[in-house]
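Thanks for making time. I have one structure to show, and I will keep to a few places in it.

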Amino acid sequence: MTKLLVLAETDGASVLPDTLPTLAFAQSWAAATGGSYDLLLTGGPEIAQAATDWQSYGAGHVLVAASPDLTHPVADRLAAVVNAALQQTGATSLAAPSSTFGRDVLPRIAALRDLPMLSDVLSVTNSGNGLTFRRPMYAGNLIATVTLVGNEGVFSVRGTAFGKPEPSATASPIEAFTGEMTPTQGTTWIGLDAPERKRPDLTAARVVVSGGRPLRDAETFERLLGGLADKLGGAVGATRAAVDSGIAPNELQVGQTGKVVAPELYIAAGISGSIQHLAGMKDSKVIVAINTDPDAPIFQVADYGLVADLHQAVPELTRKL
Amino acid sequence: MKILVPIKRVPDPYGRVRLTSGGQIDESDIKWVINPFDEIALEEAVRLRERGANVEIATVAIGPSAWEEQLRTSLAMGADRALHVLDDGPTDPGVISHLLAAVCRRENPDLVLMGKQAIDDDFNQTGQRLAALLGWPQATFASQIELAPDGSRARVTREVDSGRETLEVALPAVITTDLRLNEPRYVALPAIIKARNKPLQRLEASELGPRPQPRVIVQSLEAPPPRKAGRRVGSVDELITALREEAKVL
């Protein structure tokens, strides 16, 4: 029976929520192949405590690789650990979230295992003579239907395309990683500059309020968009132009090369709607666009368009909600 | 030190990609450019030299003869020489990383600097795969690169989902570039003409050893379903009413 290993995304101490849609992908994959899946948690010694929260998602085993060496996993060391975990579990395919975590390490493991890899998988089905996948190309302007030679592969999973995994009746047994912790091949972790998060995670938020360069400066961006986001219990996003010009930090970028979001409500303020930005948000359930330019392309994807100056409309919206 | 910059020819990211009636990419009026992330990598190599590093910059492209146009542009941007691996076959990141590894074994670069992804297939795999095949460290999604004066290592700031991470990698290594590393210079026509005298070497992919076959097979392409047309609202009050009563998201 074929087996998939799911690599959980962790920050070294806890498992991040985008692991959930990856488990939902694993359930689709198992239904399509008749196979099973294991879940691998990697991180510092604290990660062992997180394992009990992840026993109810249908994994055959929850494998835990906890070591001070994995507190800040760098790609070469993590790839070696995952490679050894594939051997330990007998899994021949691998999946992880399509975040910077997954995108960094998965292709490295794919090369170590000589496996093909699909990035940003949207779906997996059994077409009768093998697995068929869908994935976006050209900034989401095209959807490709793809197959793999040999069916086994490495998959980065687009979280917005998969919901929550079905809970399982029985608890997955926890097992310790028994492979060797190999030294890194020349990478030293220096530090992480991560601003404290006071709002919901951008990719998991029910509401996202995003802005572009017309916000002018960081203070206005935070005051106007942050104010509206807080009123709605949402997250704040930004265009590439806003990040490039220093109005917003890089981790807020929504788009082809930033984060892909699909909240229930996406409010785009002062965003013209470049192809690259639309790639990151056009699957949102309801899109609101506020822009002074009535011809801005964002209005073509918006459910509700308001031609107005965001500097008046956003504070008014915040006040009246 | 030697920096190798792999470049890919892609459709202009500001153009719209269309399908033919047969479901293939319509190439009839595509403007071809260097993949923007690779252009950023090349610009960074040139800037490292301009900041005083003793650097030789070689670009490499793996593709049909038409790709020479982008290699010529890379020479005009500041590469010292270019290598064109002529290859007409179907590819995927597994094939290209394999061929690039063979190029690296011939060229022995101290650093491979390349785009984090190509804006056509959006795979984001080749640099990481190349690093694994060579057994080198990797630093992906770079927004800042500093070379040690003795050229033994590089300090790289990476754009990650939670913020900015800093790594130090021993060279040789693979570094992939993100958007905010730099803004590539504009190349004027005289520079392209002048670059005609710079060396451009051609070799067949078969000279690099057995060529693997792609294992990612695109069966079909389709445009995603368009969103249904929305409507204009005249005021903030009307917007709030619509969101509450029609969309029911508030």
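This is a predicted model: local features need pLDDT of at least 70, side-chain atom pairs count only at pLDDT 80 or more; totals for chains, interfaces and linings use all residues.

Start with helix α6 of chain B, residues 236-246. Which of its residues are buried? They are B:V236, B:L239, B:A242 and B:L243. These four sit on the same side of α6(B), because they cover an arc of only 120 degrees around the axis. On the other side of α6(B) there are exposed residues, namely B:D237, B:R244 and B:E245.

What do the buried residues of α6(B) pack against? From chain A, the partners are β15 (286-291), β16 (304-307) and α8 (310-320). Chain B contributes β13 (231-233). After the helix comes B:K248, with a positive phi near 50 degrees.

Next, B:L134, which lies in helix α4 of chain B, residues 126-134. B:L134 counts as buried because 21 other C-beta atoms lie within 10 Å, and the cut-off for buried is 20 or more. Setting aside residues up to four places away in sequence, B:L134 touches B:A101 and B:C104. B:P93 is 41 residues from B:L134 along the chain, and their C-alpha atoms are 15 Å apart.

Last, A:A51. This one is in the loop between α2 (47-50) and β3 (62-66) of chain A. Is A:A51 buried or exposed? A:A51 has 20 C-beta neighbours inside 10 Å, so it counts as buried. Beyond its neighbours within four places in sequence, A:A51 is in contact with A:L41, A:V62, A:V64 and A:I174. From A:A51 to A:N83 the C-alpha separation is 20 Å, at 32 residues apart in sequence.

Terms used
Residues are numbered from 1 along each chain as its sequence is written. Chains are lettered from A and ligands numbered from 1 in the order in which they are written. Helices (H or I, at least four residues) and strands (E, at least two) are DSSP runs, numbered from the N terminus. A residue is buried if 20 or more other C-beta atoms lie within 10 Å of its own, exposed if 12 or fewer, and partly exposed in between; C-beta atoms are placed from the backbone. Two residues are in contact if their C-beta atoms, placed from the backbone, lie within 7 Å. The arc is that of the directions from the helix axis to the C-beta atoms.
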